[in-house]
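Here's a quick briefing to read alongside the model. Have the coordinates open and follow the groups below.

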Amino acid sequence: MLKKHFCYLIIAIIITSCGTKNPYKTTEKVYDQQLKTLENQITSKEVQPIMPVVPPVVIDTTYASQLGIVKDTLSKTGSTALLNGINTEWVGTVNFNLRKPSFVIIHHTAQDSLQQTISTFTKTRTQVSAHYIISENGKVVQMLNDYLRAWHAGASSWGKNTDLNSSSIGIELDNNGFKPFTEAQISSLVALLTKLKKDYNIPTQNILGHADIAPGRKQDPSALFPWKTLAEKGFGIWPDEVLEEAPFDFKIEPALRIIGYNTKNLSAAIMAFKLHYIQTDTTVTLDRKTIDTIYSIYKKQLQ
């Protein structure tokens with residue numbers, strides 16, 4: 001009799017254990033499939049031949065190792081201990097995608113050639129990079145997947161965003177900062193911006209220069225950069241041709257801050273603004289034209 005009851009107990013345990021299978025098994029299978037797709041999206045890249053130079057460009061293997069870290073991080077699941085003694089429980093959702101960039105930051109390389117910039121961006125010790133480089137002849141070199149974080153913005157801010165590297169795509173134009181940008185170069189830039197704006201729904205006013213997000217520290221792209229041409233094509237904003245006179249009580253510092261500039265150094269913010277929107281005068285002088293231009297951009301930023 002005891003043996004019979006023991007058999008019933010074993011059967012009950014087996015039935016109970018079968019009923020406690022993972023209820024999220026199907027969900028987590030979908031999660032794993034989507035994650036694999038996103039990993040492939042991040043790590044996929046097309047090989048573009050680079051013309052040999054003398055001395056040859058030295059490319060280290062840091063990019064590949066960093067990709068490995070990204071994939072490992074994306075794949076990490078399981079419980080995490082919190083400071084209050086609670087452990088998180090992992091249940092994979094099926095509704096997710098990669099975070100997308102919302103800014104484009106334009107630079108000039110301040111170097112002598114496309115190859116020199118590639119060399120700089122492929123050395124570990126330089127600790128600087130960008131997603132794209134555009135040469136004088138219009139050639140575009142992509143160096144990092146759009147979803148990955150390049151090191152191009154440095155210590156910078158725009159509005160309340162204090163980590164532009166994490167939310168932007170960096171584009172470097174092969175230019176030493178003292179010469180005009182070529183027609184082929186700007187044509188390729190417009191084509192690239194067209195794609196990026198469409199792919200990531202980047203707001204028109206979020207296409208900026210390095211000097212905009214780092215006033216006083218950076219001056220690129222130079223006063224020779226055709227911001228007006230870009231704005232006419234939908235990439236960035238530009239003041240009205242006929243400037244409306246700013247009201248008597250119009251405050252410069254809060255207006256620049258609302259536009260996005262860091263105004264802790266107000267003189268630097270004024271010069272960065274003029275480098276972008278006036279260009280023929282990049283001094284700290286607040287003349288009538290400067291004040292009315294700030295007012296024009298301020299109104300457009302609020303629209």
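Glu244 is partly exposed, at 42% relative accessible area (buried is under 20%, exposed over 50%, partly exposed in between, using a 1.4 Å probe and protein chains only). Its side chain meets that of Lys299 in a salt bridge, 2.4 Å from N to O. All of this comes from a predicted model, where local features need pLDDT of at least 70 and side-chain atom pairs count only at pLDDT 80 or more, while totals for chains, interfaces and linings use all residues. Residues are numbered from 1 along each chain as its sequence is written, and side-chain values use heavy atoms, with hydrogens and water left out.

**Salt bridges**

- The structure holds nine salt bridges, each being a side-chain nitrogen of Lys or Arg within 4 Å of a carboxyl oxygen of Asp or Glu.
- Lys299 sits in helix H10 and Glu244 in the loop between H7 and helix H8 (252-259), so their bridge ties together parts that are 55 residues apart in sequence. Lys299 is partly exposed, at 25% relative accessibility.
- Helices (H or I, at least four residues) and strands (E, at least two) are DSSP runs, numbered from the N terminus.
- Asp292 and Arg288 also bridge, at 3.0 Å from N to O. They are four residues apart in helix H10, about one helical turn; Asp292 is buried at 8%, whereas Arg288 is partly exposed at 41%.
- Lys274 pairs with Asp281, with the closest N and O atoms 2.8 Å apart. Lys274 counts as buried, at 0% relative accessibility, and Asp281 as partly exposed, at 21%.

**Aromatic pairs**

- There are ten aromatic pairs. The rings of Phe, Tyr and Trp (its six-membered ring) pair if their centres lie within 6.5 Å; planes under 30 degrees apart count as stacked, over 60 as edge-to-face and the rest as tilted.
- Phe181 and Phe225 have ring centres 5.3 Å apart and planes at 90 degrees, so this pair is edge-to-face. It links distant parts of the chain, 44 residues apart: Phe181 is in the loop between strand E4 (168-173) and H5, and Phe225 in the loop between helix H6 (210-213) and helix H7 (227-232). Both are buried.
- Tyr295 and Tyr298 are stacked, at 6.4 Å centre to centre with 25 degrees between the planes. They lie three residues apart in helix H10 (residues 288-302), about one helical turn.
- Ring pairs also join Trp158, Trp238, Tyr261, Phe273 and Tyr277 into a cluster.

**His276 and its surroundings**

- His276 belongs to helix H9 (residues 266-277) and is buried, at 4% relative accessible area.
- Leaving out residues up to four places away in sequence, His276 touches Asp212, Trp227, Trp238 and Tyr261 (contact means heavy atoms within 4.5 Å).

**Nonpolar core**

- The largest nonpolar core has 47 residues, and Ile171 and Leu189 have the most contacts inside it. Such a core is a set of buried Ala, Val, Leu, Ile, Met, Phe, Trp, Tyr and Cys residues joined through side-chain atoms within 4.5 Å.
- Helix H5 (residues 183-200) gives the most to this core, with seven residues.
- Domain 1 (98-238) and domain 2 (239-302) each supply at least three residues to this core; the domain bounds come from an automatic or database assignment.

**Confidence**

- The chain averages a pLDDT of 85, with 83% of the residues scoring at least 70; pLDDT is the predictor's confidence in each residue, from 0 to 100.
- Over residues 48-59, pLDDT stays under 50. Where pLDDT is low, the predicted coordinates should not be read in detail.
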